[in-house]
Amino acid sequence: MAEYTGANMYFEWVYSNNAGTVTLHGDERTVNLNPSVDYADSTAGSDARKKRIPTLKDTMVSFAGVAQTGGTALEDALAEGVEGTITFSPEGTAAGKRKYVIGAFSGGGKFAYKYADVTELTVEFTGNGSYTRTTW
């Protein structure tokens with residue numbers, strides 16, 4: 001089995017409220033991509049077992065990392081309810097590597113300000129519409 005680490009990960013958030021881009025790669029510790037799908041019950045008549053058909057797809061993305069800069073720009077870009085697009089590549093941007101482009105809303109950046117330690121940043125993104133699996 002071929003394993004890989006997130007050392008080459010690419011993660012950016014292009015947000016709409018100020019039409020800006022925040023690059024978070026290099027600062028990440030963990031990124032979770034959680035796609036999901038709803039199902040409709042299609043069981044009928046003499047069916048002996050439950051049947052389903054897939055309906056609406058969704059995704060959640062969570063980011064945990066280190067906040068490298070102070071100020072207001074990062075906090076504003078990740079404010080709750082800000083709409084934007086995530087571009088995420090677990091193995092970097094080399095040709096042929098997986099690339100996800102996900103329309104989303106920010107759940108709000110959460111900053112853990114610690115005495116004599118790095119400031120940690122976590123944010124949950126909720127999918128909104130488009131979701132593309134492609135490659136570079």
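Leaving aside its neighbours within four places in sequence, which residues is Thr 87 in contact with?

## Thr 87 and its surroundings

In this predicted model, Thr 87 belongs to strand E5, which covers residues 83-89. Beyond the neighbours within four places in sequence, Thr 87 is in contact with Tyr 10, Phe 11 and Glu 12, with Lys 99, Tyr 100 and Val 101, and with Trp 136.

The relative accessible area of Thr 87 is 10%. Thr 87 is therefore buried, since the cut-off for that class is under 20%.

## Strand E1 and its partners

Strand E1 pairs with two strands. E1 and E5 run antiparallel and are joined by 6 bridges; within this pairing, Val 14 has Thr 85 of E5 as its bridge partner. With strand E2 (residues 20-23), the pairing is likewise antiparallel and extends over 4 bridges. Here Tyr 15 has Gly 20 of E2 as its bridge partner.

Of the 6 residues of E1, 5 are buried, and the strand is thus described as mostly covered.

## The largest nonpolar core

The largest nonpolar core comprises 22 residues. Phe 11, Trp 13, Phe 63, Ile 86 and Phe 125 are the members with the most contacts inside this core. Two or more residues come from each of the strands E1 (10-15), E4, E5, E6 (98-106) and E8, and from helix H1 (73-77).

## The largest pocket

The volume of the largest pocket is about 200 Å³. Its lining contains Pro 35, Ser 36, Lys 57, Asp 58, Thr 59, Gly 103, Gly 127, Asn 128, Gly 129, Ser 130, Tyr 131 and Arg 133. By class, the lining consists of 7 polar, 3 charged and 2 nonpolar residues.

Strands E3 (28-41), E4 (52-66) and E8 (120-135) each contribute at least two lining residues. The greatest contribution is that of E8, with 6 residues.

## A positive phi at Ala 116

Ala 116 is not a glycine, yet its phi is positive, at about 60°. This residue is located in the loop between strand E7 (110-112) and E8. Is Ala 116 buried or exposed? Its relative accessibility is 72%.

Methods
Residues are numbered from 1 along each chain as its sequence is written. This is a predicted model: local features need pLDDT of at least 70, side-chain atom pairs count only at pLDDT 80 or more; totals for chains, interfaces and linings use all residues. Side-chain values use heavy atoms; hydrogens and water are left out. Buried means under 20% relative accessible area, exposed over 50%, partly exposed in between (1.4 Å probe, protein chains only). Contact means heavy atoms within 4.5 Å. On a 1 Å grid over the protein atoms alone, a cavity is a set of points where a 1.4 Å probe fits but cannot get out, and a pocket is an open set with protein on both sides within 12 Å along at least five of seven lines; lining residues have an atom within 4 Å of a point. Grid points are joined across faces, edges and corners, and a volume is the space filled by probe spheres set on the points. Ala, Val, Leu, Ile, Met, Phe, Trp, Tyr, Cys and Pro count as nonpolar, Asp, Glu, Lys and Arg as charged, and the others, Gly among them, as polar. A nonpolar core is a set of buried Ala, Val, Leu, Ile, Met, Phe, Trp, Tyr and Cys residues joined through side-chain atoms within 4.5 Å. Two strands pair if DSSP finds at least two bridges between them.
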